[in-house]
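Thanks for coming. Please have a look at it first.

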Amino acid sequence: MIWFVLCAVLLRLATLAVSIRNEKRLKAEGAVEFGATNSSVLALAHVAFYVAAAAEGFWRAAPVDTISYLGFALYAFGMVMLLVVIRLLGRWWTVKLILARDHQLVQHPLFSAVRHPNYYLNILPELVGFALALHAYATLIIGLPCYLVVLAIRIRLEDQVMKGRFDEY
């Protein structure tokens with residue numbers, strides 16, 4: 001299980017590096033960030049969820065069983081979807097809500113089918129999968145609803161910003 005946690009953390013750090021690189025470039029070009037406090041709280045909630053699930057999993061001495069395999073599969077799906085979203089959004093992808101001066105609405109069919117694929121197809125499967133893989137049921141029952149409150153605020157804010165910028169959103 002330690003390898004799973006380490007790989008998950010390294011994968012998240014690698015994607016964070018992409019986000020930071022994109023954010024620096026976007027802001028240098030005059031992009032504007034919205035909901036900075038929410039982004040900070042969301043990042044803190046993500047880290048807290050990972051730490052809590054890992055601690056609970058190690059405390060429980062989580063076995064590798066059917067539940068774990070389900071968790072691994074869900075987590076892998078979430079990570080694949082994260083990579084797809086990063087690829088589709090390209091230079092506009094960050095973990096923050098940032099709009100560039102030349103920002104264009106990405107109209108890929110994935111975004112038509114699922115309004116927020118980064119949240120619904122990446123983050124939710126990622127967190128649920130991570131917790132299940134580690135048998136971190138308390139983290140799942142307590143931590144996920146707390147995370148969802150912050151995520152719901154983020155989604156509402158993102159919709160508001162995007163509707164204000166793009167008529168076709």
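Where is the place of V9? V9 sits in helix α1, residues 2-28; helices here are DSSP runs of H or I with at least four residues, strands are runs of E with at least two, and both are numbered from the N terminus.

Before going on, the conditions. This is a predicted model, in which local features need pLDDT of at least 70 and side-chain atom pairs count only at pLDDT 80 or more, while totals for chains, interfaces and linings use all residues. Residues are numbered from 1 along each chain as its sequence is written, and side-chain values use heavy atoms, with hydrogens and water left out.

Back to V9. Its relative accessible area is 33%, so V9 is partly exposed; buried means under 20%, exposed over 50%, and partly exposed in between, with a 1.4 Å probe and protein chains only. V9 belongs to a nonpolar surface patch with L10, L13, L16, I20 and V95, and together they have about 470 Å² of accessible area. Areas come from the Shrake-Rupley method with a 1.4 Å probe, and for residues only the protein chains shown count as cover. Patch members have over 30% relative accessible area and no salt bridge; nonpolar side chains (Val, Leu, Ile, Met, Phe, Trp, Tyr) are joined within 5 Å, like charges within 9 Å.

Now the overall picture. The protein has six helices and two strands, in the order α-β-α-α-β-α-α-α along the sequence. Of the 169 residues, 44% are buried.

Next, the aromatic residues. Rings of Phe, Tyr and Trp (its six-membered ring) pair if their centres lie within 6.5 Å; planes under 30 degrees apart are stacked, over 60 edge-to-face, and the rest tilted. By this rule there are six aromatic pairs. In one of them, Y69 and F72, the centres are 5.9 Å apart and the planes at 75 degrees, so the pair is edge-to-face. Both residues lie in helix α3 (residues 66-89), three residues apart. Y69 is exposed at 52%, and F72 is partly exposed at 23%.

Which residues form one aromatic cluster? They are F4, Y50, Y69, F72, Y75 and F130. F4 is in helix α1 and is buried at 15%. Leaving out residues up to four places away in sequence, F4 touches F72, Y75, F130, A133 and L134, contact being heavy atoms within 4.5 Å.

Last, charges. A salt bridge is a side-chain nitrogen of Lys or Arg within 4 Å of a carboxyl oxygen of Asp or Glu, and the whole structure has eight. E29 pairs with R91, with closest N and O atoms 3.1 Å apart. E29 is in the loop between α1 and β1 (32-34) and R91 in the loop between α3 and β2 (97-99), so this pair ties together parts 62 residues apart in sequence.

R154 and E158 pair at 3.8 Å. Both lie in helix α6 (residues 137-165), four residues apart. R154 is buried at 2%, and E158 is buried at 16%. Elsewhere, salt bridges with shared partners join E23, K27, E33 and K96 into one network.
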